[in-house]
Amino acid sequence: MTRARLFGSLCGLVFFLNLARIVFAPLLDVFIAEFGIGEATAGLIATLVWIGSASLRLPTGWLLTKFSRHRLVVASGLLLAVASAATATAVTPRQLMIGAFAMGIASGVYFVAANPLLSELYPERVGHVLGIHGAATQLAAVVAAPLVTVALLFDWRLSLWTIAVGAAATTVYTWIAARRTEMPRAGREDRAFLAGALSERRVILTALVITGGAVFVWQGIFNFYDLYMQSKGLSREASGAMLTVVFASGVPAFYFGGNLADRLPHVPYLLGIVATFAGCILALTAAEGLFALAVVSAVIGFVVHALFPATDTYVLGALPDSTRASAYAVFSSVWMLTQSVGSSAVGELLEAGYTYNAVFNGAAVCLLASVGLLAAFDRVGGFVE
């Protein structure tokens, strides 16, 4: 029961941590109007959240060899509460940037510490708990735009104050729940960060090789999804609704994707998700009309979001207690970096004169070709299960 309470508190805390990463996107036009900045500066504010999320993942892995997981989880919640409150009081673009970066750091610290903790709290149901935890994460993406819409009826800063208060409350509850829970002893021998990560390089490389291309492509598609829908003739409102459909379908995807990861062979399952995702991209470029695009958006959102709990389940399940936090921190850092450059690559290709369909179809074909090669490699025992 105490572990269940701790798990519930973590689901509440991760909701606000991911909300902090998503909430800046619907606020960009507000920042442009209120602070007199251009689109490039506004875009940089949103980018700094994700840079912050990636920046301290490796150092957090080292800190986990010195401090317990739940202490760093609590520290991330406190940082989010303080950073959100400070950002809500910003009066200059520089203050917004610093606040956004700090809010991103909080999420990065959290995920590197919390995911290994969850896998050790429920070692027999790793995919199941990561799926539920991921669904709470994804729910924040669905709520972000409506939250900002409501806040704008009064003051846009209320959206950030909501995150600050929510983070503070859930952090306090997490600390109380953690003190009443007997923590697993797994991971207490993980005291050599570099050596631990190097010893598990095959697991790290396997996960990166199989899923790195897919998350790279997804970041590129996701960031241009609204504009792509408009290029297909949808209105701005309908285009935004399609992106909401993608996010909303990700909520059940985390749950079901995590549960399937507990039951299916990991490498074939991951390859199957990547191949299906590639097929969904081809269907997306072929689809026309509101109904067809809505259906494909729901399917592609479900498939790609199932990849995240499946990947974490594989990595965390394959890593032994003695190296789990160190190796996962390295994997998480590189994986985040791989994702972050996807949108830049797509933007460069679009500016070079390639159409959306040409870029997306080319990406899908490359993914399918890679799946074929990787499946053949797996058949000869090349990957770690």
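Leaving aside its neighbours within four places in sequence, which residues is Thr-285 in contact with?

**View 1. The surroundings of Thr-285 in the predicted model.** Leaving aside neighbours within four places in sequence, Thr-285 is in contact (heavy atoms within 4.5 Å) with Tyr-228, Lys-232, Asn-357, Phe-360 and Asn-361. This is a predicted model, in which local features need pLDDT of at least 70 and side-chain atom pairs count only at pLDDT 80 or more, while totals for chains, interfaces and linings use all residues. Residues are numbered from 1 along each chain as its sequence is written, and side-chain values use heavy atoms, with hydrogens and water left out.

**View 2. Thr-285 in its helix.** Thr-285 is found in helix H13, which covers residues 266–286; helices are DSSP runs of H or I with at least four residues, strands are runs of E with at least two, and both are numbered from the N terminus. Thr-285 counts as buried because its relative accessibility is 9%, where buried means under 20% relative accessible area, exposed over 50% and partly exposed in between, with a 1.4 Å probe and protein chains only.

**View 3. Polar partners of the Thr-285 side chain.** The side chains of Thr-285 and Asn-361 are joined by a polar contact of 2.8 Å, that is, a pair of N or O atoms within 3.5 Å, of which, within protein, one must be able to donate a hydrogen and the other to accept it, and residues adjacent in sequence count only if both atoms are side-chain atoms. A polar atom of the Thr-285 side chain also lies 2.8 Å from the backbone oxygen of Leu-282.

**View 4. The protein around the site.** The protein has 17 helices and zero strands, and buried residues make up 56% of its 385 residues.
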